[in-house]
Amino acid sequence: MESLERRHARAPRVTAAMVAARAGVSTATVSLVANGKTQGRVSDDNISRVRTAISELGYVVDSIGSSLARGVSSIVILVTPDVSNPFFANVIAGVRESLGAEYQLLLSVADSGESPQASDVRKLLALRPAGLLVGAPSAEFLEDLSAAGPLVLLDAPGLESFAPSVNLDVAQGARELARHLAASGHTRAAYVDGITGTETFKLRRDAFLEEAASLGLSVSQEHIIRTAIDVGAAAAAFADAWPGWQREGVTAVVCGTDTHAYGLLQEARVEGVRIPDELAVAGFDDLPYSATSNPSLTSVHLPATPLGRKAGEQLRGLMEGLELSEPHVTLESSLVVRGSTVSS
C-alpha cells in the first residue's frame, strides 16, 4: 500500500481558483477573504462559503509569492548583532509591537560578538522587503550595504546622515557612571570594551573616559581591554588582566555591556575578589538579570523595548509613505546604582 507521506507529497497544490470553484465565487473574492479585506466588498454569505472551501481544501495563502508579484513583500528585515543577548530580545519585542500583524519580521543575525556583513544582508534583499531596520551598525557596514527603500537605524550615534534613526543617549549614562565612581572615592579604573567597533560602543567608552579624566579618575590605555560580548570571554580576559590591575591600584571596572560585567563577576568569585569592597564593577544595558545577580549590578539603563517600538513606528511610517515629523529621535539613558559599586 502506498504510504501516506508519498500520497501527500504528490498531492497538487491547492490554488485560489480551486477554492473559487468550490465556493462558487470569483478568485478575486477568494483573495479578499483570504487577506481579510472583505469589509464593504464581500457579502457575509460569500465570506462563509469561501472560508468553508478554504477549510475543506486546506488552502494556504502564498503571501510571499503574491507580494513579490506586486514588487514588494510584507517582510521587514531586522539586522541585529546578537539575538542571544537579552537586550536585543527586548528590542525585537518592541519592533514586533509597533509593526503589528501586517508585517512579518525576519532577523538577520551575526555571530556573537561579530559585526553583521553587508554581503549577507544583501542576499536577503532579494526578498524585496518592505523595510529594513539595522541595529548598532558601523559606517563601513552602511556604506557597503547601500540599501534602497525604507531604512531606519537603531542605536547608531553619529550616523544620522545615512537614514532616519532612533538613538540612545548612552553618553549621558556614561558620564553619570563616571561621576558615581569618582564620588565613591575611586581614582584608578579599567574599561572592558567590545570588539565590534560600532559607534555606540565608541561613544559610551569615549564619554566615560572624558568625564572620568575631568574628575581625576584615571583610566590608562593599558587598563582598556576588548573582548567579544560573551560571559566566558570576558571572564577569561579579566582573569588575565586582574593581577596587573590589582598591583597598579585599579579599584573599579566599567564594562561596555552587562554581559561583559557578568563575566567579571563570575571570575571575581572564583578569584576571591570582594565586590565592591576590593573592586567595583559596572556595565551598560541594565538587563533583567542585573537586578538579581550576586551582587546586583550597577548599570546604565538603556530602554531596549522603547527603542525597538519607536524604530518600528518610524519604519512603518516610511513604508506607508508618510513624512516623518521627527526623523532622528534620542531616548534617554539613566544610571541604576546597585550593590556591585556600593557596599551594603
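Colleague: What volume does the second largest cavity have?
Modeller: Happy to look, and please keep in mind that this is a predicted model. The structure holds 3 cavities of 30 Å³ or more. For the second largest cavity, the volume comes to about 60 Å³.

Colleague: Which element gives the largest share of the lining of the second largest cavity?
Modeller: Two elements give two or more residues to this lining, namely β1 (75-80) and α6 (86-99). Among the lining residues are Leu-78 and Thr-80, along with Phe-87, Phe-88 and Val-91. The largest share is 3 residues, and the element that gives it is α6.

Colleague: How many nonpolar, polar and charged residues are in the lining of the second largest cavity?
Modeller: The lining includes Gly-135, Ala-136, Leu-154, Asp-155 and Leu-307. Gly counts as polar and Asp as charged, while Ala and Leu count as nonpolar. Over the whole lining, the classes come to 7 nonpolar, 2 polar and 1 charged.

Colleague: What arrangement do the rings of Phe-87 and Phe-88 have?
Modeller: Both of these residues are buried, and both line the second largest cavity. A search of the whole structure finds 5 aromatic pairs. The ring centres of Phe-87 and Phe-88 are 5.4 Å apart and the planes stand at 85°; planes over 60 degrees apart count as edge-to-face, so this pair is edge-to-face.

Colleague: Nice. How far apart are the end C-alpha atoms of α6?
Modeller: Helix α6 has 14 residues, and at 1.5 Å a residue it should span 20 Å. Its buried residues include Val-91, Ile-92, Val-95 and Leu-99, and just after the helix Gly-100 takes a positive phi of about 75°.

Colleague: Is Glu-271 buried, partly exposed or exposed?
Modeller: Glu-271 has its place in helix α12 (residues 258-271). Buried means under 20% relative accessible area and exposed means over 50%. Glu-271 has 44% relative accessibility, so the class is partly exposed.

Colleague: How far apart in space are Glu-271 and Trp-242?
Modeller: Trp-242 belongs to one aromatic cluster with Phe-238 and Trp-245. In sequence, Glu-271 and Trp-242 are 29 residues apart. In space, C-alpha to C-alpha, the distance is 9.4 Å.

Colleague: One more, please: which residue lies over the face of Phe-201?
Modeller: For a charge to sit over a ring, CZ of Arg has to be within 6 Å of the ring centre. Here the distance from the ring centre is 4.7 Å, and the residue over the face is Arg-204.

Notes: Residues numbered from 1 in each chain as written. Predicted model: local features only at pLDDT ≥ 70, side-chain atom pairs only at ≥ 80, totals over all residues. Heavy atoms only, no water. 1 Å grid on protein atoms, 1.4 Å probe; cavity = no way out; pocket = protein on both sides within 12 Å on 5 of 7 lines; lining within 4 Å. Points joined across faces, edges and corners; volume = space filled by probe spheres on them. Helix = DSSP H or I, 4+ residues; strand = E, 2+ residues; numbered from the N terminus. Buried < 20%, exposed > 50% of the residue type's maximum accessible area, 1.4 Å probe, protein only. Phe/Tyr/Trp six-rings, centres within 6.5 Å; stacked < 30°, edge-to-face > 60°. Lys NZ or Arg CZ within 6 Å of the ring centre and 35° of its normal. Expected span 1.5 Å × (residues − 1).
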